Amino acid sequence: MAAEASESEPALQELMREAEISLLECKVCFEKFGHRQQRRPRNLSCGHVVCLACVAALAHPRTLALECPFCRRACRGCDTSDCLPVLHLIELLGSALRQSPVAHRATPSTPGALTCHHTFGGWGTLVNPTGLALCPKTGRVVVVHDGRRRVKIFDYGGGCAHQFGEKGDAAQDIRYPVDVTITNDCHVVVTDAGDRSIKVFDFFGQIKLVIGSQFSLPWGVETTPQNGIVVTDAEAGSLHLLDVDFAEGVLRRTEELQAHLCSPRGVAVSWLTGAIAVLEHPLALGTGVCSTRVKVFSSSMQLVGQVDTFGLSLYFPSKITASAVTFDHQGNVIVADTSGPAIFCLGKPEEFPVLKPMVTHGLSHPVALTFTKENSLLVLDTASHSIKVYKVDWG
């Protein structure tokens, strides 16, 4: 009996974590639902649930009309009601959540642990974001998403400083942004899957260059220390280096760095070593199931390390599905996992894999990662339409 209880404990912990993240949190303001007046879960007439504070914030002050932030249906703030199933669930799980390891990890006391210090964005400000980058000169955060203006620039405090990139079919418009990077001289480079092009803007949103017809499906994009641009082509299975004169808006040269990759998407460059990490999505033979694989190449494009979903399963009890990759300032490979969801450090490429969980709580569907100069970790969570800022807690 004791053995059975110990075996079921991880499953119970996983269930508690999923309930806390998916059911007991307002997906507009990211605050936990509760019995306090402002945090009580309220049913909208469309069936979606938000906290009372968000109902008050979204409703028109005179007519009380509001638009559901999820399905965009018209509702009335005075027609909302308490969501009794969520309130009952809070009562049932309250003591267990307070005692669970998940709740403990949310406020770790171990010095050196990563904790979420700040969250910004949210539904309406961001809509299904896909890419994240940090301006090396200004420290501003750039996100591409599915809003009317596709590129949104935030100051580090989370305020919207600027936005551009109209949704449309013109050459300078952005149809379906996938990823974004910021060059050393503050140009914004976006991969657009809608017309299969790469678009370069200055930091104020003026179009400088459109690179089309050379790629089957450009996906991940990143800046090198030498101010070059590396881009993956998910359909052609290749990795390219672009040499661009950004001031003049001229593409000088394109070099294919790697071919025969399996649906490469995410890409990252280490500013310490010049190594390049590529995130592949190969199909498992005979199953049609897509797995993930991280490959790391040296600055001379020699393969120095790789690990896939199966290899990681030998080191970690749960399936890991990598959705994003980056390097930290020490040259370690960091990946986002959508199955957990979580953030993991894989160690240095020559040591693959040294699997170390970094963030195991508070994420829904992380799709992009980057580090600031101060070593804070920025995580783009597309399910909550937000950027989450993690810092090392030395308390």
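Modeller: The lining of the largest pocket divides into 26 nonpolar, 17 polar and 7 charged residues. Here Ala, Val, Leu, Ile, Met, Phe, Trp, Tyr, Cys and Pro count as nonpolar, Asp, Glu, Lys and Arg as charged, and the others, Gly among them, as polar. This is a predicted model, in which local features need pLDDT of at least 70 and side-chain atom pairs pLDDT 80 or more, while totals for chains, interfaces and linings use all residues. Numbering runs from 1 along each chain as its sequence is written, and side-chain values use heavy atoms, without hydrogens or water.

The pocket has a volume of about 1,200 Å³. Its lining counts 50 residues, and Leu132, Glu222, Thr326, Leu369 and Thr370 are the closest to the centre. (A pocket is an open set of points on a 1 Å grid where a 1.4 Å probe fits, with protein on both sides within 12 Å along at least five of seven lines; lining residues have an atom within 4 Å of a point.) The volume is the space filled by probe spheres set on the points.

Strands build much of the picture. E7 (131–134), E11 (177–182), E15 (218–223), E19 (267–269), E23 (322–327) and E27 (366–371) each supply at least two lining residues. (Strands are DSSP E runs of at least two residues, helices H or I runs of at least four.) E23 gives the largest share, 6 residues.

Leucine 314 sits between helix H5 (309–313) and E23. At 60% relative accessibility, leucine 314 counts as exposed (over 50%; buried is under 20%, partly exposed in between, with a 1.4 Å probe and protein chains only). Together with Phe310 and Tyr315, Leu314 makes a nonpolar surface patch of about 400 Å². (Patch residues have over 30% relative accessible area and no salt bridge, and nonpolar side chains are joined within 5 Å.)

E27 leads on to another loop. Asparagine 375 lies between E27 and strand E28 (377–381). Asparagine 375 is not a glycine, yet its phi is positive, about 75 degrees. Its relative accessibility is 29%, so it counts as partly exposed.

Methionine 301 is buried because its relative accessibility is 13%. The peptide bond from glycine 340 to proline 341 is cis, with omega near -15 degrees. Proline 341 is in the loop between strands E24 (333–337) and E25 (342–347). Most residues other than glycine have a negative phi, and most peptide bonds are trans.

Note on methods:
Patch = residues over 30% accessible without salt bridge, like charges linked within 9 Å, V, L, I, M, F, W, Y side chains within 5 Å. Areas by Shrake-Rupley, 256 points an atom, 1.4 Å probe, with all protein chains shown as cover. Salt bridge = Lys/Arg side-chain N within 4 Å of Asp/Glu carboxyl O.
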